[in-house]
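Please open the structure in your viewer and keep the selection tool at hand.

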Amino acid sequence: MEQETTIEKIETLESEIRDYANTLPYWGKYLANQILSGHEVTDDNITSAYSFLLEDLHLKEKSDRPEITLGTRSINATDYKSNLLFSKLENVEGVNALVENQTIDFSKNLTVIYGTNGSGKSGYVRLLKQVFYSKSPETILSNVYNENEPKPINAKFTFKSNNDEISLTFSDKDKSEFKQFAVFDGKSVLKHLENKNEFEFRPAGLNFFADYIEAIKRVEEKLNADIQKKQLGNTATDLADLFDNDSEIKVFVRNLNAETTSDDLQKYIPFSDEDKARKESLQKQYDELLLASKGKEKEIKKLENLKILLSQNKEAIEKLNLAFAAETITKLQATITDCISKELAAKQEGVDNFKTDLIQGIGSDEWKNFILSADKFAKMQKNGQSVYPTDSDHCLLCHQPLSDDAQKLISSYWIFINSVAEQNAKQAQEKLEKVRRYYEGLNFDLFPQNNTLTDWLTEQHPEELKLLKQKLNEQKSLSENILSDIQNKTVNIRQPINVDVERYNALNEVIDAKLNNLQSDEQSKALETLRKEKTFLEHKEKFNIHFLKFETYVTSQIWIKKAQRADFAKHNVTNKEKALSNKYFNQKYIDGFNDECMKLNGNFGIEINHTGSGGKSYRQLKLKGKNPNLVLSEGEQKVIAIADFLAEIQLSEINKGVIFDDPVTSLDNERKKIIADRLVYYSKIKQVIIFSHDLVFLYHLKNASKKGLAGITNSFICHTIEKEGDFCGKILLNNSPTNEGQYNDPQKAKEWLNRSRTVSGETQIDYIKSGFAALRSSYEALAIFTILGGVVQRFDPQIRFGRLKDVKYNKELAETVIERHGEISDLIEGHLASDEYGATPTTNQLEKMIDEFIELKDKIKSL
């Protein structure tokens with residue numbers, strides 16, 4: 001019997017990602033295929049995927065869909081280079097105060113750039129943090145002491161891959177080569193310890209999830225954009241914001257949705273003329289009451305003054321009413337009748353005695369007034385001492401002597417005007433005259449222009465004012481008729497006219513009510529009541545104005561409701577990424593981190609929490625539930641941060657090198673040695689570049705590299721960086737305290753001497769200076785290795801007792817060494833303008849000092 005063979009499927013990260021992509025909806029699978037095929041997801045791809053999504057949501061008619069076969073390109077295939085090396089940095093410009101035209105060569109294993117504080121290390125590190133990956137990139141400043149226009153930031157970066165050189169500039173920092181290196185410095189320590197950090201370097205296949213999340217986000221954005229269009233740029237809240245304050249209409253608009261019916265929308269239309277008139281009336285009342293509420297005392301005084309003015313006006317009206325009452329008119333008519341009858345009696349009693357054909361109008365009022373006036377004038381002539389006329393008197397008019405008949409006639413006039421009947425007639429006339437003056441003195445202009453009461457009535461009670469003025473005009477006309485009756489002494493039937501003063505009581509009640517409102521809490525209640533009713537009508541008016549917006553919005557909600565059924569399942573994508581990351585990466589990171597902590601003597605009980613978001617994985621370091629920086633010392637924090645950094649970098653398929661800036665600050669000597677050993681070991685795996693000012697750490701690196709990098713050509717390079725005048729960043733290649741053994745003889749100084757003879761100008765001065773620097777290092781090496789026999793070396797804790805026998809000491813020669821070393825230092829520190837020599841040192845001077853060194857060294861060796 002033939003045995004059945006079972007073929008077990010071998011799971012890999014790549015196969016699991018493909019299996020997951022096959023479970024996606026058609027539109028998602030379409031995007032996944034673009035990513036897995038290594039193609040860029042273009043805007044056209046997003047548009048196509050969006051169209052497929054709308055079909056799935058039944059918002060668009062379904063099209064013919066081609067079958068999708070996932071791409072066969074390796075998921076881990078990338079544009080990154082597998083054997084990339086950062087070989088050189090040169091021509092740095094526009095960075096801090098770094099001197100230009102410098103070059104830094106880098107070893108394929110370990111390179112150290114040593115310099116004291118202020119020498120320019122930070123400038124180079126800031127530049128590298130801008131182009132390479134860093135958790136704490138810094139802004140690059142130009143030289144603040146340079147008054148000229150600063151140069152733009154630039155530098156030349158040379159990489160090598162498969163023996164090919166790749167030259168890039170600062171503007172190329174988005175190229176993939178720059179993404180294959182990372183920088184660690186003191187500022188990034190807290191980022192490692194405090195923050196939830198994304199894994200920047202991990203298997204390339206896991207990047208599928210972040211890329212897929214970004215793609216579906218773009219599809220989601222298109223859907224959201226269309227939703228926004230359907231809403232005409234407004235949400236229900238936006239539409240509700242069209243209405244100030246609150247009302248049932250605003251609540252209704254805020255709650256507009258796909259369930260709102262047409263009948264619901266019709267509830268608040270139309271806005272009628274009655275609504276408009278009512279709104280204006282309410283606005284007026286509201287403004288008036290609001291004004292009162294803002295200045296109560298002022299308004300109270302105003303209303304109290306109106307009460308006084310209204311009372312005075314009422315009194316004036318009542319006075320007019322009395323003048324035109326039925327009883328008053330009856331008395332007036334009786335007065336006119338009495339005057340007429342008494343004048344008639346007086347006339348009948350004496351006037352006939354004076355009638356003559358010579359003079360007309362005897363007995364008339366004019367005649368009578370003439371006699372009365374003559375009587376008064378005559379009395380003026382005698383000053384009350386005698387009676388006019390006497391025999392010697394003359395006529396008052398013609399000044400002729402008076403005859404006896406004339407004197408008798410005048411005396412008869414006086415008797416006439418003093419008779420009882422005449423006196424009665426006179427008194428009746430005076431009484432009538434008094435009545436006339438009374439009516440003439442009546443004031444009907446009780447509501448003049450620019451009058452406080454008039455203005456108030458005009459604004460608040462125009463109908464009342466109109467009626468009052470009308471009645472006053474009627475009384476004025478009646479007064480004119482009465483005056484005419486008095487003047488003509490006729491009796492006519494006149495109807496009384498009365499102004500209803502009860503209207504004043506009603507007006508007083510209005511003012512009293514306002515005063516009560518102002519003087520009690522009822523005012524606020526009244527104001528709120530007016531505001532609510534006014535607001536409702538204002539909102540009703542706005543609702544009608546913007547009705548089309550609300551109707552369109554409700555219609556759009558139906559489309560939106562369907563569109564919102566779209567499930568982009570980003571959480572599921574993140575969960576899948578997290579699961580595969582845990583399976584293929586996270587545990588490796590944890591193991592690597594713990595291994596680094598052990599090797600760096602940093603076993604502090606650090607725990608690692610893993611989370612996921614947006615198709616990406618994150619880690620958070622904790623110590624007993626707290627951020628490590630809150631518990632550990634500064635040195636311990638740095639150890640943990642370095643362990644975290646190295647653990648992630650080691651798992652990276654793309655990272656090819658790391659740069660450290662003073663990684664051992666605040667660490668003791670033992671930890672400096674441990675970290676030096678670890679970084680030297682690490683430099684055999686990835687390229688390591690270290691900037692440091694720590695000489696002890698530098699010597700630990702040198703000693704560790706002698707063992708760890710033994711047999712590897714040019715595995716360890718050390719350069720010196722120093723300040724030069726106002727500038728820093730001067731690079732002395734292959735020149736550092738660790739290289740002092742190569743200065744046992746003045747060969748380096750001779751090389752600089754020979755080079756200086758092939759150039760001129762500033763370049764020659766630089767070469768001469770370098771020659772003196774090399775010669776000074778030879779004197780220092782002479783003291784360490786020849787005079788002291790190498791028994792004690794700088795920053796080396798080991799004392800070589802076996803070399804005590806090689807010590808060669810002569811006081812006189814030692815003093816000469818001290819003197820020569822000081823002279824050279826003066827020359828270098830004086831920047832080649834020494835007071836002692838009075839001029840710039842020359843090649844001959846350098847040659848002379850080299851010869852003196854050789855001669856002195858031979859003398860010491862011969863001891």
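A residue is called buried when its relative accessible area is under 20%, exposed when it is over 50%, and partly exposed in between, with a 1.4 Å probe and protein chains only. The model is predicted, so local features need pLDDT of at least 70 and side-chain atom pairs count only at pLDDT 80 or more, while totals for chains, interfaces and linings use all residues. Residues are numbered from 1 along each chain as its sequence is written, and side-chain values use heavy atoms, with hydrogens and water left out.

**The whole chain**

Begin by selecting the whole protein chain. Its secondary structure comes to 28 helices and 14 strands; helices (H or I, at least four residues) and strands (E, at least two) are DSSP runs, numbered from the N terminus. Of the 863 residues of the chain, 44% count as buried. The accessible surface comes to about 46,400 Å², and 48% of this belongs to carbon and sulfur atoms; such areas come from the Shrake-Rupley method with a 1.4 Å probe, and for residues only the protein chains shown count as cover. A contact means heavy atoms within 4.5 Å. Among contacts in the chain between residues at least 6 apart in sequence, 74% join residues at least 24 apart.

**A covered helix**

Next, select residues 26-36, which form helix H2. How many of the residues of H2 are buried? Eleven of its eleven residues are, and the helix is mostly covered. Among them are Tyr26, Trp27, Lys29 and Leu36. Gly38, which follows H2, has a positive phi, near 80°.

**The seven-stranded sheet**

Now select the strands of an open sheet of seven, whose order is E4-E7-E11-E12-E3-E13-E14, with mixed pairing. Two strands pair if DSSP finds at least two bridges between them. The edge strands, each pairing on one side only, are E4 (133-134) and E14 (727-732). Within the sheet, E11 (residues 657-661) and E12 (residues 687-692) run parallel and are joined by five bridges. Gly657 has Gln687 in E12 as its bridge partner.

Helix H22 (residues 634-651) touches E7 (181-184) and E11, and its direction makes about 175° with that of E7. Helix H24 (residues 695-708) touches E3 (110-114), E12 and E13 (716-724), and its direction makes about 160° with that of E3. The axes are lines fitted to C-alpha atoms, for helices over the stretch in contact, and the angles run from 0 to 180 degrees between N-to-C directions.

**An antiparallel set**

Select strand E5 (residues 154-161) together with strand E1 (residues 85-93); six bridges join the two, which run antiparallel. Leu89 stands opposite Phe157 in E5. E5 and E6 form a hairpin with two residues between them, and Asn162 in the turn has a positive phi of about 55°.

Proceed to Ile486 in helix H17. Ile486 counts as buried because its relative accessible area is 5%. Ile486 and Ile336 are 150 residues apart in sequence, yet 6.7 Å apart in space, C-alpha to C-alpha. Beyond neighbours within four places in sequence, the contacts of Ile486 include Leu332, Ile336 and Tyr439.

Select Val501 next, in the loop between H17 (462-488) and H18. Is Val501 buried or exposed? Val501 is buried, because its relative accessible area is 17%. Not counting residues up to four places away in sequence, Val501 touches Lys314, Ile317, Glu318 and Asn321. Of these, Ile317 is 184 residues away in sequence and 7.4 Å away in space, C-alpha to C-alpha.

Move on to Lys514, in H18 (residues 502-518). The side chains of Lys514 and Glu288 are joined by a polar contact of 2.3 Å; such a contact is a pair of N or O atoms within 3.5 Å, and within protein one must be able to donate a hydrogen and the other to accept it, while residues adjacent in sequence count only if both atoms are side-chain atoms.

**The cysteines**

Finally, select the cysteines. The structure holds zero disulfides, a disulfide being a pair of cysteine sulfur atoms within 2.5 Å. For Cys395, the nearest cysteine sulfur is that of Cys398, 3.6 Å away. Cys395 counts as partly exposed, at 22% relative accessibility, whereas Cys718 is buried, with a relative accessible area of 3%.
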